[in-house]
Each structure stands twice: as structure tokens, then as C-alpha cells.
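Hi everyone, thanks for making time for this.

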Amino acid sequence: MTKLFTLLLLLISLGVNGQIYFEDEVTTGEFINDSSPEAGFTFDNLFFPNTYDADFDFWTGWAISATTDVTTAGFMNQYSAISGEGASGTPAYAVSFASPESYITLDLDQTSGMLTIPSMQVNNSTYTYLSMRDGDSFAKKFGGETGNDPDFFLLTIKTYLENDLQDSILFYLADYRFEDNSEDYLVDEWTKIEFPNVVVDSVTFGLSSSDNGMFGMNTPAYFCADEFGNPLVLNVKDNTLSGITLVNTLASSELIIKSDLDKIADYQIFGLHGQAIQKGKINRGEQYLSVDNLPVGKYWIRVQQDGLQWIEGFVKMN
Amino acid sequence: MKLCAQKDTLALPTVTVQEKPIFSGEQIDQSDEDLLRQQPATHVGEILAQSTGVFVKSFGGGSSATTSIRGGSAEHTRVLWNGLPIENPMLGQLDFSLLPAIFIDEVAVHYGGNTATWGNGAIGGTVQLDNKTDWQKKNLIAQYTATNGAFGLAQQGLKIGYGNEKFQFINRIFHQKAENDFTYFISENLPRRQQTNAATKQWGSLQEFHYKITPRQTLNAYFWYQTVDRQLPPHAAQNQSVAFQVDETKRLSADWQYAGDDWLIKAQTAWYEEDLRYVDSLSGIDDLSRFNTLLGQFTGTKNIGQIHRLTMGLQNTFYQANTDLYEDGVTQNRIAIWLDWKTKWKKLSLELSVRQEWQDEKRLPLVPSFGAVYRPWKWATFRGRVSRNYRSPNLNALYYFPTGNPDLLPESGWSRELGLDIHFIKASNWTGSYSITGFRRDIKNWIRWILPEGSFSYAPTNIVAVKSEGIEHRLDLTGEAKNTIIKVSFGYNQLRSIHKKSIARPQIAAGSQLVYTPKQQFFSTLKINHHAALLIFQHRFTGEVSTLNNHTLPGYHLSDLTLGYLLKTKRWQHQLSLRINNLWNKNYRVLERRGMPGRHLSFSLNTRLF
């Protein structure tokens, strides 16, 4: 891990201190699924893989949508979120048909390294929500005939680094397992999911339900996602500023940076969630930046000058 | 129901050859003609459910009705109308709820596989539906039936025609509508739920023309038109449905036959066109599928001496089908040729058949069938049959886009059965018969729609192997006293139909019973005619079944009672009847999440000229 960490140059992508939005892709009422010739969508170095068969309009993976239909049942309305809009009132969002699973990863064509996703927003799709609420030809309404069936629709998010499972997060998009039926719920609003503080290179999304048959899950395997908050992507390819060297990647009280730049540059230190913790100026020559006040952990330092940037990670030690 | 024993010998006529097969090494349930008339059913599926050992998957008025015979799927039931197949080639099966009972005069179920005789798909059994020509009828032919009952049921049927010894012209018209708004049981502490969006409306007409060109030559022609508009109700775990389905059927067929002293030739042709439109505005679905069938069949039969009979048959079937589910419209041509040899030597009758069929350029398995009937005593008959059988994939499995697989293999395997029929010697006023049949069938390459590893679209695959074995009992008793006739029929089936190997998806465990395949079925009919009064009591038991959602539906007992009274005038016969369905008001389910009605009534009037 340390080896990898020290090898990589760092880049805080365009989304640093912001979030991934999908508004540039679609306008209200539209959706995009046919991603050909690309087998997916890329946003700020995050890759949303998708497989789409245009002839049969069949797909699995991710689509980008701004459709607003919250009343039409069935798969013909498979691209709508039950809220009719994206998180925070924005029009666009991502829809995943996780059959059997969907995932996001670094855009390996442009990026190599790791990422963190501190949070994301999720919601039910209209198709799945109405199917769980009302039932359809294949699936039951949750609660069953009596209303007492302990049904659930569960989103399981797993994070990986170099194929090793880092964490598993469970989120119930519907939960009818309560003794008191009045507590049963279907998620119909965008809900923020906080991710543990880990560095990852891919995230998978799996859906499971209490309504299953011989052919697998009867509940439509869709969910919607938005606002992948502050994704921090480590990148070696987009380092555009040369002349900066980090002398010590393990720092206890001071970080030593050597600058060959002709003029003063700006620096920022970021935590794992992409939050800016410290900032200042870098002069030509060797600089000693105090990190005494930082808790032990992993950090990134970014130096910018005239629109160019240089990033590297370091570890604050005791 | 009559037992197979009535048709178990090879009785070679001395003057003319009869057209129907008269040999059987197999179990047969044949509809009781009187019962059909006295107890008007809505559709053929009801007849099969009430009085045969066929398991009918249906959830009440207006719903589709598909069959399972000896643990086979609906596609393993061959359905012949006047000797020609009428299944939907896209699905490979037939919805029996689309066959009005008034359009059919005789229903017979031949159990077990016999593809060599009956053709593609005759693996579980064959249902023969026939229109009967009665050349004794002269002048006006008239019959009218009307039934009104619970849940808005109103049904009228008219059979009217004219005939003499040379020709007969018969028109059958059928109209039925029903709301089917019954209530059904959910649980003890909840109110019964009312069925919604379940109305049906249908009408149809069957025109028949029969012409006896000479005493040896006959020409028959039929035109069947029918339209069925039915709403599709929500299941019990669904709040609402606005879906509906419209089926429009046109069937035109004709046959000509010539009977010599010791030979018979028959030529048949048919054209079918069926449309199925499914609309669900809630889901934005409006799908139309259509198929055409053009069929020609020739059979020739020759008696050789007194003990041999040879039959040769040739059939060409052309299908054309189109739906949004196919990339393009599809066609398929099938040619089949078969030979059948029957012989009788003293108390032993033998039959050997073989069929070869080609599906487009593809040669299907050569299927032989061998049957034997041995009657050592007047009261006992032993019978048996061994046959190889197949079912070629339906058009959806072949051409569904994008996962249809034109390289699918036909399902195939061997069936064997042994049976014993005992005819009770007439003692006092009682006669009776009992039969017992044991069978086993192994089918490989059974087609299932599965989600292949790494794929996101279901695809038909030759993946399942199924073994079916069971025992069938039939008992018929008839007693006569002064002004009273009592008939009692019992049937009991034990069936084990299991998967021979495990599959991950669909989730199937080796040794598990096929879904919707009861291990036990019992059915019985008691019919008493006393003077002009009639009582028919039917009771059946269906054992528990597993479902597609890995649940189990418990077994259930179900009884129906019909009370009737016959009024006769010089030329007319009127029967009034009251039928009580689900007499004991049982809560039961045939299909998961589908409620069934409790006790309900219907009144019928059946008037006919005789």
C-alpha cells in the first residue's frame, strides 16, 4: 500500500471539493443509454460501465437520465427516479440496472491509481418503487397479500482496492421487516450514504430482495445514484507542473518541498475526503511546511501555478 | 369418462376401413358425451379439469388454461382438432380457455408419449377434439344453451343446421361474457379481496359443412372464427392491473376421404390465423403477435388380409409468425412422414409405428413406437407401449431476439407404460371396469429459459433432464334399475416428475419435483338419472405443488354439484339445471398469488331437437 502510495503522483480531479453531477449530459426529460462506441460513461475520471444493445434496447450497467415520470409503472419507465429529479433538486442523475451487479471504477484510459468517494446519494427508480408498492406481473407488492411479509430491497455497496475487499455498506431501499407495519418504508427521496474513509479503485453495487423465484430476483434490479461527493482521484497522467519535489513522504512535524519554479506558487493540503485542510505559498528553494497540527494519516499536497498543478501524497506520522 | 378398454383391440372391419385409430396400448380418458351435454362447460379446459386426469393450470373465469399431463409441460400436450394440430407454434402450446365447449363434440385424452402416431410434442399426452357427424340426423338440427351465473356470467350457445343423408350444414354460435368479480380468501383476519379487471367478452362461430359425395366418399369443411377480449386481473400481491388481451382466431379446414373395401385414403388441409394483442397501458406495452399456419396431410390405410393393417401418412406444415420480439418475421416448414403397422393374432394385437420429420432442412429424431395389447380372457386386457418421443423448440425459443437459439435441439426421450384393464362381468344390473397403468418417461434436452453466466438476457437452453414415473387408476361403475341409472367414475394419479440434475439458475435441485406438478390427483363423478331428474356430483383432489417462487401450494379438495330436470315433448328436449361450483366453499389456490372463487351458482337451459 505504501509502495503504491509513494509511487503515485496525485491529482485532485475537477470534482475536488465538489461533486459529480450529470447535468451536462442530459436535459430534463431525456436519458442517455446508448453509450457506443464507449462501453460506458466517464465523469471526472470515474468510469460508469454500461452494456447496451441498441437493437433490443437491453442493457446493464449505468444510464444517465433526467426523466421525471413518477407515475408510470413498468420497464418502459425504467430510467426515472421516484423523486422525478436528481439529488438536491438537480435534473439529472445516474440509473443503474444492477443485473446482476453494477460497478464504477477509475477511468483506466486516462487515470491510474486510487480514488475515494466519501459519499453518494441514492434513491429508488420509479419502476422498482411502483413494483414494490403495487406489485406487477412478475413481482409482489411488498408486504405480500396480508401486508405482513418481511420484505426488503437491499443495496450492497462493496469497495475494492487491487481486488481486495475494503468495505461493505448495506442500504435498504425498502424495508418491510418491522413488527409494526406502520414502520415499513420504501425510499422515495435521495438519501446520502457516507462511505468509510478508505482508498479504493473500484466500487460494486449489488441488489437483493426478499422476492425471489427460480429465475432469480423478481423485484426490478434498478436504483438511482447522484452526487458522488468529493471523489478524490490519484492520477499520474495529469500532473502538468514540473519543478517540484517532495523530499519526505513520511512526515512527523515538517513536510520538506523543494521548488525549482521561478516564482511563488500556491499549495493546498487535502485529507482523504478531499477536504482542504491547510494552504499557503511555496517559494523557490527548499521549504519546510509545518504539519504538526495534522492528525496521523494520509494526505495529499497540491501545488498550482498558472493553471498547472502537481500533486503527491504523504503520510503524517507521530 | 370411458376407459381405454373400449378401444383396446384391433378390430378390423370387413367392409370398410374406419378412419380413426382403433388400437391403443395407452391409457385414454374419453369425455362422457351425455355429461358434456348435461353439464355445459365454458371451455374445454373446464372439461379436462373436471373429468380427466389432466392437471389444468388456470385461475378461474376468463384466465388462460394450460395443461400438464403426466408431469409434462403445456408444450408436451399435443392438441388435435379433427386430426390436425392446432397449437400456437410461437408458444408451442394451446390455451384451452380459447376452445368453447360448444364447438367440440368429443374430447379424448391419450396419456403418454406417442410422437410416432400423434406428431411433434406428444410427450405428456394428446388431446383429441372432434366434431362428430351424425348422418342419421335429418332435416332441422337445433340446440340452444343458455347459462347465467354468479359474477356476471351470461353465456349462450346455438347449434343450428339442416341435413339429410347427403349433406349437413351446421352453424354453431357462441357468446359469453362475465365480470368474474368474485372475492377470494386472503387470511382469517382480513376481508376477502375482490377480483378486479377480470371481465371477459367473447363470441365465436363454427360453420360445418359435411357432404357425402357417394356412400364411400365424404367431404367435410369447417370454419372457426372467434374473438376473445379479456381483462387480465391483478394477482393477490398486486394492487391493480389495467392489462387486457385480445385473441382473434380464424381456422379453416377441409378434408376429403374415400373408403374402399379394404382401404381408405384421406386428404386434409387447413389454414389458421391467430392474433394475440397484449396491452398494459400502466406499463406502456402494446404488443401484437400473429401467426399463420398452412397445413396439408394425407393418410392412406390398407388392410392386408384379415390381420394386418398398414397406414402411411404425410404431413406438411408451414408456419409464418411475426411479433416485436423477433428481429424479422419468421417462417418454418415441417415435413413429416410416418408408417404404422397393426396386426392381430388371436388374443394378441401389435402396433409398430415410426415417424420421421424435418424442420426446414434439419432432420428431427426418428421416433419409433411399439404397442401391444393382450387379452387372455374376456375380462382382462394387458397393454403396453414403448416409444421414443420429441418436441422441437417453439418459434419463440428459436427466434426470440436477441437470445433465441436456432441451434436448439429438440427435447427427446423414451416413454414406456404397462397397463391392465379389467371388465367386471355383468352382475345383476351393475357393470364396471377398472384399469391400472404404470409409466416411466425420461426426457433429455428439456428446454428452459435461463440466465447464462455473464449474460444479462434470458436465453432458451437445452439444459434440463426430467424423469417422470407414476401410476394411474381408473374405475367405472354403471348400475341400472327401473327408471334409474347410476354411473360412478373414479380416477387417481400418482406422479413423480423430477429433475435429474441440479441447475444454478433457474434454481433447480436434483430430485426436485417439477413446479406445478401435483404428486397426487383424484377425480370422481357420480351421476344419477332418476326418471327425468339428474344429479351429478363431482369431486376432485389435487395434491400440493411447488411454485416458480419456491413456495408450496397446499393440496385441495373441490366439489361441484349439478341438479337437473329433463322435459321432453314430442320433438324437443329441454333440460334445466342448477350447478353449484365449489360446493363446500373451499379456499384454495391453483396458481400462486391467484385467488379462486368460493361457492357460486349457475343456471342452465339446454334445449335441443331430437
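Let's begin at Ala94 of chain A. Which residues is Ala94(A) in contact with, leaving aside its neighbours within four places in sequence? They are Phe22(A), Phe48(A), Trp62(A), Ile64(A), Cys224(A), Ala225(A) and Asp226(A). Do keep in mind that this is a predicted model.

Ala94(A) belongs to the largest nonpolar core, which has 54 residues. Together with Tyr93(A), Phe223(A) and Cys224(A), Ala94(A) touches the most other members of that core. And which strand gives the largest share of the core? That is β17 of chain A, residues 222-229, with five residues. Apart from this core there is another one, made of 35 residues, including Ile28(B), Leu99(B), Ile102(B) and Leu206(B).

Next, where the chains meet. Chain A brings 25 residues to the contact, and chain B brings 28. On the side of chain A, β4 (46-53), β5 (58-65) and β15 (212-213) each supply at least two residues. Sorted by class, that side has seven nonpolar, eleven polar and seven charged residues.

Finally, come over to chain B and find β28, residues 520-530. β28(B) pairs with β27(B), residues 484-499, in the antiparallel sense over eleven bridges, and here Gln494(B) stands opposite Gln520(B). β28(B) also pairs with β29(B), residues 533-542, again antiparallel, over ten bridges. In that pairing, Ser524(B) stands opposite His539(B). The hairpin of β28(B) and β29(B) has two residues between the strands, and His531(B) takes a positive phi near 50° there.

Definitions and conventions. Residues are numbered from 1 along each chain as its sequence is written. Chains are lettered from A and ligands numbered from 1 in the order in which they are written. This is a predicted model: local features need pLDDT of at least 70, side-chain atom pairs count only at pLDDT 80 or more; totals for chains, interfaces and linings use all residues. Two residues are in contact if their C-beta atoms, placed from the backbone, lie within 7 Å. Helices (H or I, at least four residues) and strands (E, at least two) are DSSP runs, numbered from the N terminus. Ala, Val, Leu, Ile, Met, Phe, Trp, Tyr, Cys and Pro count as nonpolar, Asp, Glu, Lys and Arg as charged, and the others, Gly among them, as polar. Two strands pair if DSSP finds at least two bridges between them. A nonpolar core is a set of buried Ala, Val, Leu, Ile, Met, Phe, Trp, Tyr and Cys residues joined through C-beta atoms within 7 Å. A residue is buried if 20 or more other C-beta atoms lie within 10 Å of its own, exposed if 12 or fewer, and partly exposed in between; C-beta atoms are placed from the backbone.
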